Amino acid sequence: MVDDLQRAVVANIKAAREARGWSQRQLVEAMHRRGFAMTQTTMTRVESFKRDLKLNEIADICRTLHIDPEDIALNPDDFKGELEVSTRRGAYADAADALESACKEYETACRALYSIGVQDDEVYIDPDPFTFWGRLARTSCVGIAKQTYEDGAGKWRRGNADALAPDDPMSGDGRS
């Protein structure tokens with residue numbers, strides 16, 4: 001027999017999954033990338049109330065969908081307000097993951113070019129660890145971007161060029 005709490009949790013998980021535009025398979029794949037174990041068959045059985053969720057599975061799903069665990073048991077009508085937050089958190093995390101991956105690929109490509117003697121202004125990793133490009137070669141682009149914004153500069157600089165548009169609200173120059 002399915003109780004109201006179980007119905008609410010499953011309905012909210014399904015709503016959050018659908019708000020992200022994910023199928024059950026995509027949710028399970030995202031869980032696997034984060035080191036959580038679940039199969040699509042299990043997810044189908046959960047959403048059709050043929051299998052109960054374990055507490056650790058609820059926690060894993062919440063982490064994957066960027067849902068605050070205390071919100072997962074809300075009445076589904078009340079949970080709708082949390083969907084936008086979890087969806088935006090998820091989009092942010094996806095973008096951060098993509099940026100991290102792109103930065104790693106960029107660094108690998110730059111090092112490969114340097115290894116064969118190619119050096120020009122478009123491919124530049126400064127060996128000095130105290131410069132921006134030196135830090136880029138040794139740290140995460142995501143971390144640098146976050147720190148740049150947190151420092152209030154709101155700008156990525158390459159030479160003297162601003163990488164953000166002048167009307168970008170993060171530019172910090174008041175021209176938004």
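Phe79, Leu83, Ser86, Gly90, Ala93, Ala96, Cys103 and Cys110 are buried in helix 5. Buried here means under 20% relative accessible area; exposed means over 50%, and partly exposed lies in between (1.4 Å probe, protein chains only). Helices (H or I, at least four residues) and strands (E, at least two) are DSSP runs, numbered from the N terminus. The model is predicted: local features need pLDDT of at least 70, side-chain atom pairs count only at pLDDT 80 or more, and totals for chains, interfaces and linings use all residues. Residues are numbered from 1 along each chain as its sequence is written, and side-chain values use heavy atoms, with hydrogens and water left out.

**Helix 5**

Helix 5 covers residues 76–115. Its 40 residues should span 58 Å at 1.5 Å a residue, and the end C-alpha atoms lie 57 Å apart, which agrees. The expected span is 1.5 Å times one less than the number of residues. Helix 5 also has a kink of about 40°, centred on glutamate 82. That bend is the angle between axes fitted to the seven residues ending at a residue and the seven starting there.

Asparagine 75 caps the N-terminal end of helix 5. One of its side-chain oxygens lies 2.7 Å from the backbone nitrogen of aspartate 77. Just after helix 5, glycine 117 takes a positive phi of about 90°.

**Helix 2 and its cover**

Helix 2 spans residues 24–33, and its buried residues are Gln24, Leu27, Val28, Ala30 and Met31. They sit on the same side of helix 2, because they cover an arc of only 160° around the axis. The arc is that of the directions from the helix axis to the C-beta atoms. An α-helix has 3.6 residues a turn, so residues three or four places apart point the same way. Cover for the buried residues of helix 2 includes helix 1 (4–19), helix 3 (40–47) and helix 4 (55–65). Contact means heavy atoms within 4.5 Å.

Tryptophan 22 lies in the loop between helix 1 and helix 2. Leaving aside neighbours within four places in sequence, tryptophan 22 is in contact with Arg17, Leu27, Ala30, Thr64, Leu65 and Asp94.

Glutamine 6 belongs to helix 1. Its side chain makes a polar contact with the side chain of aspartate 52 (2.8 Å). A polar contact is a pair of N or O atoms within 3.5 Å; within protein, one must be able to donate a hydrogen and the other to accept it, and residues adjacent in sequence count only if both atoms are side-chain atoms.

**Accessibility of single residues**

| Residue | Relative accessibility | Class |
|---|---|---|
| Glutamine 6 | 15% | buried |
| Tryptophan 22 | 12% | buried |
| Phenylalanine 49 | 27% | partly exposed |
| Histidine 66 | 18% | buried |

Phenylalanine 49 lies in the loop between helix 3 and helix 4. Its phi is positive, near 60°, in a residue other than glycine. Histidine 66 is in the loop between helix 4 and helix 5. Its phi is also positive, about 60°, although histidine 66 is not a glycine.

**The whole protein**

The protein has seven helices and two strands. From the N terminus on, the order is α-α-α-α-α-α-α-β-β. Buried residues make up 33% of the 176 residues. Of contacts between residues at least 6 apart in sequence, 48% join residues at least 24 apart.
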